[in-house]
Amino acid sequence: MKTIITFGTFDVFHVGHLNILQRASALGDRLIVGVSSDELNVRKKGRYPVYDQDDRMAIVAGIKYVDAIFLEESLERKAEYIHEYQADVLVMGDDWRGRFDHFARQLDVVYLARTPSVSTTSLIEVIKKR
Ligand code: C2G
């Protein structure tokens, strides 16, 4: 049983999010997703997500590629989460390239290319202009 773990906010869920979850799940047997909490987002990006954490967790849990979710409350607790879920592979988008290399002692670390031309930030801008 090969367990894949990934993390993210998944705010205003879009096809880039879907693609990374699909490609992450294809690397193993079970995909676990840590959904960043609202408070973690404020610390990380200086703002609350558009969708609150309960809605974001419900959306991610409903994706067919996802086997289980949990709330990621701190970036510093990654090692703990990896251990708790007995993950074999950590997957992140390549906007995070290099940032998680130190976990390579604990498990395989894979960065996947981001889907071009789509992001939560650009979607918010498009919606504002309409
Ligand atoms: N992503 C992607 N293509 C896009 C947009 C996002 O592949 N066009 C990927 C990101 O690289 C990330 C995942 O989708 O792996 C979730 O993206 P975000 O919600 O922006 O995640 P982020 O806020 O960067 O949180 O502990 C790490 C953080 O919690 C990651």
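Is Glu72 buried or exposed? Glu72 is buried, with a relative accessible area of 1%; buried means under 20% relative accessible area, exposed means over 50%, and partly exposed lies in between (1.4 Å probe, protein chains only). The model is predicted, so local features need pLDDT of at least 70 and side-chain atom pairs count only at pLDDT 80 or more, while totals for chains, interfaces and linings use all residues. Residues are numbered from 1 along each chain as its sequence is written, and side-chain values use heavy atoms, with hydrogens and water left out.

Glu72 belongs to strand β3, residues 68–72. Strands (E, at least two residues) and helices (H or I, at least four) are DSSP runs, numbered from the N terminus. The side chain of Glu72 makes a polar contact of 2.7 Å with the side chain of Ser36. A polar contact is a pair of N or O atoms within 3.5 Å; within protein, one must be able to donate a hydrogen and the other to accept it, and residues adjacent in sequence count only if both atoms are side-chain atoms. Leaving aside residues up to four places away in sequence, Glu72 touches Phe7, Gly8, Gly34, Val35, Ser36, Ser37, Leu40, Lys78 and Tyr81, where contact means heavy atoms within 4.5 Å.

Leu40, one of these neighbours, is also among the buried residues of α2, which are Asp38, Leu40 and Asn41. Down the axis of α2, these buried residues fall within an arc of 150 degrees, so they line one face of the helix. The arc is that of the directions from the helix axis to the C-beta atoms. The buried residues of α2 pack against β2 (30–36), α3 and β3. After α2 comes Gly46, with a positive phi near 75 degrees.

Helix α1, residues 15–25, has Gly16, His17, Ile20, Leu21, Ala24 and Ser25 as its buried residues. Seen down the axis of α1, they fall within an arc of 160 degrees, so they too line one face of the helix. An α-helix has 3.6 residues a turn, so residues three or four places apart point the same way. The buried residues of α1 pack against β1 (3–8), β2, α3, β4 (89–93), β5 (108–112) and α5 (120–129).

The loops come next. Most residues other than glycine have a negative phi. Val12, in the loop between β1 and α1, has a positive phi of about 50 degrees although it is not a glycine. Gln86, in the loop between α4 and β4, likewise has a positive phi of about 50 degrees without being a glycine. Val12 counts as buried at 12% relative accessibility, whereas Gln86 counts as exposed at 62%.

Gln106 sits in the loop between β4 and β5 and is partly exposed, with a relative accessible area of 38%. Not counting residues up to four places away in sequence, Gln106 touches Ala79, Ile82 and His83. A polar atom of the Gln106 side chain lies 3.2 Å from the backbone oxygen of Ala79. Gln106 and Arg30 are 76 residues apart in sequence and 18 Å apart in space, C-alpha to C-alpha.

Tyr51 lies in the loop between α2 (38–45) and α3 (53–61). Tyr51 is partly exposed, with a relative accessible area of 31%. Arg77, in the loop between β3 and α4 (78–84), is also partly exposed, with a relative accessible area of 31%.
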